Amino acid sequence: MHFLQLAACNLQLSTMIEIKNVSKSFGDIQILKGVSAVMETGKTNLIIGISGSGKTVLQKCMVGLFEVDEGEILFDGNNLPAMPEEERKQLRQQIGMLFQGSALFDSMTVERNVKFPLDMFTKWDHKKKIDRVNEVLERVNLKDTNKKFPAEVSGGMKKRVGIARAIVLNPKYLFCDEPNSGLDPQTSMVIDLLIKEITKEYNMTTVINSHDMNSVMEIGQTILYLYQGEKEWVGNNKEIIFSKNQKLNEFIFASEFLRDAKDMRMLEEKGIIDNDRNMEEVMKDPETHLLMGDNEKRESHPDRDDEK
Ligand SMILES: Nc1ncnc2c1ncn2[C@@H]1O[C@H](COP(=O)(O)OP(=O)(O)O)[C@@H](O)[C@H]1O
Ligand SMILES: [Mg+2]
C-alpha cells in the first residue's frame, strides 16, 4: 500500500472527539475541573453523573456554546476553541443536536420542524428537501406524521422528531442532552436503542448526557462519569459491573436491590452462575466467596478505587 493511502486509513480509524483538560468556571465557581476523555466514532459515548455534576456545561463547551477557560476540544484533531469563526461555522454544520425536551417549534408541523435545518443550511429545491425529510422520518419510524403538530404526538414521538431533525443534515457528530427526560422506561429504551442504531449506521460520534441507569447498561459503549465537575471514572457498560469505585457504585447501584443485581451479574460474567448450575452449588464454590469477600472489602475500604 502506498504511504499516503496508509496515512489516510489511519486518519479514518482515528476519527473521534477528544477533550483534554477542559476547565470552565462561572464567576468564582469552577464547574469543570480539567476533564479529559475520548469519544469514539460509531459508538454511543455517555457522560453520566448526578444532576448538577456538569454534564450539560461540558456538552455546551464541546459544541462551542460556552467558551472553555482552559483545555482542548479536538474534533478529528481540530481544536474547536482555537478555530477561527468561519471554520467553527463549518464544523457546527457537521454537528447534530438533540436538545433536552426535544425543543420543537410548536407552531410548525413535524415536516417543517425536520426541514428547518435544510432551509437554514442548504440551497436544495423543495422536492429534494421533502425527500430527505421523508427519508429521515421513515428512519425513525415516523412515516406519515408529516402534517401533525408537536402537540398532537406522544412524548416518544416528539423525541423521534427531534432525532430526525438532528440527523437531517447527515452530521458526523451527534449530541444528545438527556434524551430520555420525561419518558417512561420502555419508551426510553426504544429511543436509546434507536440512537445507538443510527450512530452505527451513519458512523457518527455520538455524545449522550444521561443520569439514567438503564441507558448506562444498554448503550454505554464508552462512559465518562463526572463527579462534581471532575472525571471520576471511565469505562464501558461491561466494566461498570466490576468497578470498585465507590462514588460510581453509589450513583449507579443506588439501591440495595441494584447492588445485589450487580453481584449476581458479576458472578454470571465470571461464569460462576450459568443455566446448568443451581444456587446451592454456586454458593459452595470457593470463588463465589472470594468474589463476595471482595465486595465486603469494597464496603469496608471506601477509598479503594479502581481508577481515579
Ligand atoms: N450559565 C450558567 N451560569 C452559571 N452557572 C451555571 C450555568 N450553567 C450551569 N451552571 C452551573 O453549573 C453546574 C453544573 O450544571 P449542569 O452542567 O447543568 O449539570 P448537569 O447537566 O450535570 O445536571 C450547576 O451548579 C449549575 O448551576
Ligand atoms: Mg443537564
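Helices (H or I, at least four residues) and strands (E, at least two) are taken as DSSP runs, numbered from the N terminus. By this definition the protein chain has 13 helices and ten strands. The structure is a predicted model, in which local features need pLDDT of at least 70, side-chain atom pairs count only at pLDDT 80 or more, and totals for chains, interfaces and linings use all residues. Residues are numbered from 1 along each chain as its sequence is written, while chains are lettered from A and ligands numbered from 1 in the order in which they are written.

Of the 308 residues of the protein chain, 31% count as buried (20 or more other C-beta atoms within 10 Å of the residue's own, with C-beta atoms placed from the backbone). Among contacts (C-beta atoms, placed from the backbone, within 7 Å) between residues at least 6 apart in sequence, 66% join residues at least 24 apart.

Helix H4 (residues 110-121) packs against helix H6 (residues 155-167) at an angle of about 30°, and their axes are 7 Å apart. Axes are lines fitted to C-alpha atoms, for helices over the stretch in contact, and angles run from 0 to 180 degrees between N-to-C directions. H4 and H6 are therefore roughly parallel to each other (an angle under 35 degrees). In their contact, Val110, Asn113, Val114, Phe116 and Pro117 of H4 meet Val161, Ala164 and Arg165 of H6.

Note on methods: Parallel < 35°, antiparallel > 145°, perpendicular 65-115°, else oblique. Contact = placed C-beta atoms within 7 Å. Buried ≥ 20, exposed ≤ 12 C-beta atoms within 10 Å, placed from the backbone.
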